[in-house]
Amino acid sequence: MERRHFLKSVAALSTIGLVRPAFSGTKSVATPAIASSDTSRRFVMTQTYNLKAPAGSQGQVKLWIPVPEETAFQTLLDLSFSGNYQKASLTANNRYGARMLFVIWPESTGPLEIRVEMTIETRDWEVLKDNQLSDWLLPEQDAVIPEEIKPFLLATPHIPVDGLVKETALKIVANEKAPLKQARLIHDWVSTHMHRDDAVIGCGTGDVGEILKAGKLGGKCTDINSVFVALCRAVGIPAREMFGIRLGASRKLSEYSKKAFGSADEKGIAKISGGQHCRAMFWLAGFGWVPADPADVTKMRLTEKKENGDPAVKAVNDYLFGNWEMNWVGFNHARDFALFPAAEQGDVNNLGYPYAEVDGDPLNFYDPAAFSYEYVSTEQH
């Protein structure tokens with residue numbers, strides 16, 4: 001069994017020039033302009049894979065595993081993996097700089113095993129709760145949008161920004177011109193008009209055009225937060241999803257729901273194989289990124305069987321515009337993009353789940369048992 005250990009500790013590795021070795025030279029635009037909360041939590045996420053080839057498929061096996069970004073609200077302290085693979089390497093060679101572990105087995109006939117362990121430190125990202133926008137002023141002249149931010153104004157196959165999307169966005173913001181207030185209007189429209197549909201597989205596909213065209217306005221977190229992102233982009237506010245996974249119990253929102261925002265047992269252990277969750281953020285000129293999550297408002301409303309006017313729903317909605325509780329880790333912002341090395345099936349919708357192919361035939365990443373993988377997160381105290 002080969003074992004590789006990359007991020008033992010930042011201090012130790014920096015002395016020998018090995019800090020984030022596989023990602024050196026890649027550019028990250030995820031770091032917020034303003035630091036997040038000083039309160040930190042630490043989790044060890046253990047991922048165990050024993051891949052199962054689809055019926056009738058055999059040959060070379062390829063696996064892409066998302067790895068967390070480095071931001072002001074989360075740090076990957078340690079990453080190690082072991083297994084019977086032929087080759088495993090870290091890469092961020094894609095147009096979003098999304099970080100991933102790429103694994104190859106030469107044949108699918110024997111065991112296909114890899115165990116990945118990540119130690120992650122998080123800090124609550126609370127822009128509005130900490131009143132960090134109190135001194136922010138919108139630039140008097142036209143806002144200068146940096147080159148690295150401009151892609152988050154553009155359409156993708158799942159995120160249209162014209163037609164019905166733009167018409168809807170303009171109706172929502174009406175005569176409001178201030179970007180922060182526009183974003184709040186859009187957030188509130190999405191959280192109140194959309195609903196969580198637990199019949200949707202996984203986190204949903206986030207096909208905004210189809211969602212608005214159908215008029216049913218339901219789905220899971222990727223569907224709901226992608227609508228928020230598309231509507232923001234349609235009125236000129238850069239916005240993006242962040243695909244990730246819940247790591248443990250909520251502390252700040254648990255009074256409103258014990259289940260909707262993440263849970264763990266009394267030892268801080270959480271089985272999170274199905275805990276993937278997509279969040280959103282928008283960008284303000286002269287400030288930077290601001291968090292949002294209207295999808296979790298709809299999840300809490302369904303879980304607790306409450307209506308929009310309920311005080312608890314309003315409290316959750318108020319918190320989730322401008323704040324994230326970080327019992328969750330984000331992997332990347334990549335959407336409608338090519339993996340590296342390229343997958344035979346072509347571009348992927350997003351990389352919030354692991355992705356694998358056997359001789360080009362994809363595994364069902366929405367079904368951990370069929371794939372198969374198991375994720376467990378343990379909070380360290």
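The largest cavity holds about 30 Å³ of space, where a cavity is a set of points on a 1 Å grid over the protein atoms alone at which a 1.4 Å probe fits but cannot get out; its volume is the space filled by probe spheres set on the points, which are joined across faces, edges and corners. The model is predicted: local features need pLDDT of at least 70, side-chain atom pairs count only at pLDDT 80 or more, and totals for chains, interfaces and linings use all residues. Residues are numbered from 1 along each chain as its sequence is written, and side-chain values use heavy atoms, with hydrogens and water left out.

Arg246, Leu253, Phe261, Arg279, Asp296, Leu320, Glu325 and Asn327 line the largest cavity, lining residues being those with an atom within 4 Å of a point.

Asp296 also belongs to the contact between two helices, in which Asp296, Val297, Met300 and Arg301 of helix 6 meet Ala312, Val313, Val316, Asn317 and Leu320 of helix 7 (contact means heavy atoms within 4.5 Å; helices are DSSP runs of H or I of at least four residues, numbered from the N terminus). Helix 7 covers residues 311–320, and the axes of the pair lie 9 Å apart at an angle of about 160 degrees; axes are lines fitted to C-alpha atoms over the stretch in contact, and angles run from 0 to 180 degrees between N-to-C directions. Helix 6 and helix 7 are therefore roughly antiparallel, a term for angles over 145 degrees.

Notes. 1 Å grid on protein atoms, 1.4 Å probe; cavity = no way out; pocket = protein on both sides within 12 Å on 5 of 7 lines; lining within 4 Å. Parallel < 35°, antiparallel > 145°, perpendicular 65-115°, else oblique.
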